[in-house]
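Subject: Structure for your review

Dear colleague,

Please find below the sequence and structure I wish to hand over to you. A summary of the findings follows.

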Amino acid sequence: MDARMFGLETPLMVALQHLLDVPDGDAGAAGGDKAGSGAAGGATRTYVRDARAMAATPADVKELPGAYAFVVDMPGLGTGDIKVQVEDERVLVISGERRREEREDAKYLRMERRMGKFMRKFVLPDNADMDKISAVCRDGVLTVTVEKLPPPEPKKPKTIEVKVA
């Protein structure tokens with residue numbers, strides 16, 4: 001189905017439609033490029049996978065009096081499956097991957113639970129303290145807390161002594 005049928009020709013809708021139209025096996029394989037390095041005009045397999053992961057990972061962002069809290073659902077993931085990183089000094093990256101358990105004696109009749117990669121990226125504000133970031137995962141909900149830097153003290157006026165000549 002084409003987004004133009006409904007008059008949805010905004011760049012965002014066109015990009016989303018393009019991502020939905022790329023099958024998993026063909027992403028990045030334009031022009032016979034099987035390595036996924038991205039031919040001219042084609043998306044790499046990693047880019048498409050990350051874009052799908054970010055679109056399918058809901059998150060809540062809260063501003064508290066002394067911190068920012070990022071809350072992400074990570075169902076079925078253990079602490080070893082979740083990665084929290086800071087890239088480029090100000091980008092918080094939360095990622096993880098849930099793999100399907102493989103059993104030879106079982107056959108899936110229905111598969112509805114989300115499997116695969118989870119990912120979200122957030123640009124942190126200037127007042128975020130990059131040295132005070134903590135992450136806690138409880139009951140499948142990951143909460144990443146980024147403390148705020150204390151506000152700068154107001155500058156006091158400088159008094160200059162007047163000399164009488």
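The protein has an accessible surface of about 12500 Å², and carbon and sulfur atoms account for 53% of that area. Please note that the model is predicted. Of the 165 residues, 26% count as buried.

As to secondary structure, the protein contains two helices and seven strands, arranged along the sequence in the pattern α-α-β-β-β-β-β-β-β. Among contacts between residues at least 6 apart in sequence, 49% join residues at least 24 apart.

Three of the strands form an open sheet with antiparallel pairing, in the order 3-4-5. Its edges are strand 3 (82–87) and strand 5 (116–123), each of which pairs on one side only. From one strand to the next, the twist averages 15 degrees. Six bridges join strand 3 to strand 4 (residues 91–98) in the antiparallel sense, and Lys-83 lies opposite Ser-95 of strand 4.

The largest nonpolar core comprises 15 residues, of which Phe-70, Met-74, Leu-92, Ile-94 and Val-144 touch the most other members. At least two residues of this core come from each of strand 2 (67–73), strand 4, strand 5 and strand 7 (141–148).

Yours sincerely

Key: Residues are numbered from 1 along each chain as its sequence is written. This is a predicted model: local features need pLDDT of at least 70, side-chain atom pairs count only at pLDDT 80 or more; totals for chains, interfaces and linings use all residues. Side-chain values use heavy atoms; hydrogens and water are left out. Two strands pair if DSSP finds at least two bridges between them. Helices (H or I, at least four residues) and strands (E, at least two) are DSSP runs, numbered from the N terminus. Axes are lines fitted to C-alpha atoms, for helices over the stretch in contact, and angles run from 0 to 180 degrees between N-to-C directions. A nonpolar core is a set of buried Ala, Val, Leu, Ile, Met, Phe, Trp, Tyr and Cys residues joined through side-chain atoms within 4.5 Å. Buried means under 20% relative accessible area, exposed over 50%, partly exposed in between (1.4 Å probe, protein chains only). Contact means heavy atoms within 4.5 Å. Accessible areas come from the Shrake-Rupley method with a 1.4 Å probe; for residues, only the protein chains shown count as cover.
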